[in-house]
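Look at the chain as a whole before turning to single residues. The paragraphs below follow that order.

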Amino acid sequence: MVLSGKSIFKVSHRMRRGAKPVNIEVTEPVIVEALDLDAQGITRLSPNEQDHALGQSGKVIFIQGALPTELVTYTITSDKARFSKAKVRDILKPAVFRAQPKCAAFGICGGCTMQHLDIRAQIAMKQRVLEDDLQHIAKVKPEEILRPMAGPTWEYRQRARLSVVNRSIKKGTVLIGFHEGKSGYVADMLACEILPKHVSDLLPEMRKLVMGLSIVDRMPQIEIAIGEPEDPHSEDPIKAQSVTALVFRNLLPLTTADEQRLRLFADQHQVWIWLQPKGIETVAPFYPETGKLCYRLPEFEIEMPFKPSDFTQVNHMMNRALVSRAIRLLEVKETDRVLDLFCGLGNFTLPLARKAKQVLGIEGLDTLTTRAKENALHNGLEAKASFIKSDLFEVIPETIASWGRAERWLMDPPREGAMEICKALAGLHIQKSDLMPQRIVYVSCNPKTLARDAEILCHHAGYMLSSAGIVNMFPHTSHVESMAVFDRLKPL
């Protein structure tokens, strides 16, 4: 589905403090005009006399559960002078792209707010958000719009952080799940459709386990990390089974009885239990004492061991596609030296080392730099892939000079983006330096910071935006992952 013409999707409106909680049913139907990134329908009431006098349009209503083109009635839940928050009451005329939510916790859990929107419309919305941000923030338009990348829409999440709350001791239960939408409360979940089924089925069992521990009040979190099987087609069940690690955040020491309960749980459900008594540096395996978590990039013959506390992409299948497209777009030659900025464990560095003459991965944390070196050694790429630590949020032209010349760069920054790097490139452009890469592939998890950085690269650093497109890494959520290609303009 392609939504053409004027965009029906708009940027989310943040609610200001001081909104009055109300419960007013509005039976006069309205047509929903747009959708924000929180999946709230947007409509605008006709202006009253005061609005006309001030030259203003009518009041905006954000309606949870409503979709563009729908005719709905609604209940106001929070009211301000210029806008109100509401929830849908009756859908008198549903949109053609409305979908039936699959998850029983939809509307309560804050994790997948777009389940009621057809997946094709979700992708179209995210693509429009990226294009709008590039146009309005960066004042640029890609020469080519890349075809959106999409994969499985359910059971795709290989990592998750579940909150644990013990609010109902008298009822003999705890809540384990994601937070409710814009709330500190934990959703009452017995299943999760975006987790692999064997993990979703564990949610009720984890409730029973935690409730039976002596430190039930001091275990606020369980982190899940799933590794790929050694050989999914093997007749050996051990080699064919994925590895599921559960990290229990224990704020008090376990008793002997607690430890025995955890061991029995691990044996019964074939999971690998880790503990985290303090900071992230204390995460360590509990039972069994040894094991192996990894994901693979078969196209490049790469195996990536990781710890459950390491940052890895939550969607292994889409990560394979992401890495493949990024390296293809970079157009690496055997004679090239490549820089991989914000390299993490080497997710892009090691596949690049299969193609290039030399790759330098740069990361801001000692721990990640060490882990990346270990992964290079594990894959026999230590001669072609090297790693250094550098603060990538404190970069000046001289910093780039210290990295040495590289024909091609790959950047995969966090949500904050790579502004200081782009500003340093603009400084080198003024100096007419030959240290400027000819091509940059920028992988982004925040279209607004990508657009901000694109403005610097295109208007101050001598680059053009050759192509851009979205990667639907997180179906049913408002998260927009994207990729952009910047090429160095030839001097006049």
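Of the 492 residues of the chain, 53% count as buried, where buried means under 20% relative accessible area, exposed means over 50% and partly exposed lies in between, with a 1.4 Å probe and protein chains only. This is a predicted model, in which local features need pLDDT of at least 70 and side-chain atom pairs count only at pLDDT 80 or more, while totals for chains, interfaces and linings use all residues. Residues are numbered from 1 along each chain as its sequence is written, and side-chain values use heavy atoms, with hydrogens and water left out.

The chain has 12 helices and 22 strands; these are DSSP runs numbered from the N terminus, with helices being H or I of at least four residues and strands being E of at least two. Along the principal axes, the C-alpha atoms fill a box of roughly 75 × 70 × 40 Å.

Contact means heavy atoms within 4.5 Å. Among contacts between residues at least 6 apart in sequence, 66% join residues at least 24 apart. The accessible surface comes to about 23,700 Å², and 53% of this surface belongs to carbon and sulfur atoms; the areas come from the Shrake-Rupley method with a 1.4 Å probe, and for residues only the protein chains shown count as cover.

Next comes the interior. A nonpolar core is a set of buried Ala, Val, Leu, Ile, Met, Phe, Trp, Tyr and Cys residues joined through side-chain atoms within 4.5 Å. The largest such core has 86 residues, and those with the most contacts inside it are M206, V210, F248 and L352. Helix α7 (residues 316–330) gives the most to this core, with seven residues. A second, separate core has 42 residues, among them L360, I362, L457 and V480. Which residues does M206 touch, leaving aside its neighbours within four places in sequence? M206 is in contact with L162, I176, I222, L246 and F265.

Most residues other than glycine have a negative phi, and most peptide bonds are trans. The peptide bond from Y287 to P288 is cis, with omega near -10°, and P288 lies in the loop between β13 (284–287) and β14 (294–297). A39, in the loop between β2 (34–35) and β3 (40–44), has a positive phi near 60°. Is A39 buried or exposed? A39 is buried, because its relative accessible area is 3%. E331 also has a positive phi, of about 55°, although it is not a glycine. E331 is in the loop between α7 and β16 (337–341) and counts as partly exposed, because its relative accessibility is 46%.

Two further loop residues complete the tour. P152 lies between β7 (144–145) and β8 (159–168) and is partly exposed, with a relative accessible area of 30%. Leaving aside neighbours within four places in sequence, P152 is in contact with M317 and P475. D434, in the loop between α11 (419–430) and β20 (439–444), counts as exposed at 56% relative accessibility. The C-alpha atoms of D434 and Y287 are separated by 54 Å, and the two residues are 147 residues apart along the chain.
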